[in-house]
Amino acid sequence: MSWSEKGKSVTVPIQALYDYVDKSGAQTVTRGEIKVGAQTATTAIVSVDTQFGAAKFTDMFALVRNGNEWKIVAKVYHVR
């Protein structure tokens, strides 16, 4: 999971997100439309605007098809 903070790239393992959610407790989550930026039969790039409590994000995901399911293989985001 990566983002830009004060002009510098930051990358952390996905466990950091799980730890944040566990520490913060339950939050109201809303999401906007899922927008597909590019897609092939087995890969896709998508974005979605989300809000967790008062924090607003634009999330971008790289996905890979696994049988009939899509799996997120990478996430980057922007804090709005």
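**Close-up views of a predicted chain**

**View 1. Gly32 sits in the loop that joins β3 (29–31) to β4 (35–39).** Helices (H or I, at least four residues) and strands (E, at least two) are DSSP runs, numbered from the N terminus. The model is predicted: local features need pLDDT of at least 70 and side-chain atom pairs count only at pLDDT 80 or more, while totals for chains, interfaces and linings use all residues. Residues are numbered from 1 along each chain as its sequence is written, and side-chain values use heavy atoms, with hydrogens and water left out. Gly32 has a relative accessible area of 27% and is therefore partly exposed; buried means under 20%, exposed over 50%, and partly exposed in between (1.4 Å probe, protein chains only). Not counting residues up to four places away in sequence, Gly32 touches Val48 and Asp49, where contact means heavy atoms within 4.5 Å. Lys8 is 24 residues from Gly32 along the chain, and the two C-alpha atoms are separated by 27 Å.

**View 2. The chain as a whole has one helix and seven strands.** Their order along the sequence is β-β-α-β-β-β-β-β. A box of roughly 35 × 30 × 20 Å, taken along the principal axes, is filled by the C-alpha atoms. The chain has 80 residues, of which 18% count as buried. Among contacts with a separation of 6 or more, 19% are between residues 24 or more positions apart. The accessible surface is about 6,000 Å², and 57% of this surface belongs to carbon and sulfur atoms; areas come from the Shrake-Rupley method with a 1.4 Å probe, and for residues only the protein chains shown count as cover.

**View 3. Ala44, Val46, Val48, Phe61 and Leu63 form the largest nonpolar core.** Two or more residues of this core come from each of β5 (43–52) and β6 (55–66). Strand β5 gives the largest share, three residues. A nonpolar core is a set of buried Ala, Val, Leu, Ile, Met, Phe, Trp, Tyr and Cys residues joined through side-chain atoms within 4.5 Å. Leaving aside neighbours within four places in sequence, Val46 contacts Ile34, Lys35, Val36, Gly37, Asp59, Met60, Phe61 and Leu63.

**View 4. Three aromatic pairs are found in the whole structure.** The ring centres of Phe52 and Phe57 are 6.0 Å apart and their planes are at 65 degrees, so this pair is edge-to-face. Rings of Phe, Tyr and Trp (its six-membered ring) pair if their centres lie within 6.5 Å; planes under 30 degrees apart count as stacked, over 60 as edge-to-face and the rest as tilted. Phe52 is partly exposed at 33% relative accessible area, whereas Phe57 counts as buried at 16%. Ring pairs link Trp3, Phe52, Phe57 and Tyr77 into a cluster.

**View 5. Lys6 is not a glycine but has a positive phi of about 55 degrees.** Most residues other than glycine have a negative phi. Lys6 belongs to the loop between β1 (2–5) and β2 (8–11). The relative accessibility of Lys6 is 83%, so Lys6 counts as exposed.

**View 6. Asp22 is part of helix α1 (residues 15–24).** With a relative accessible area of 62%, Asp22 is exposed. Asp22 and Val36 are 14 residues apart along the chain, and their C-alpha atoms are separated by 30 Å.
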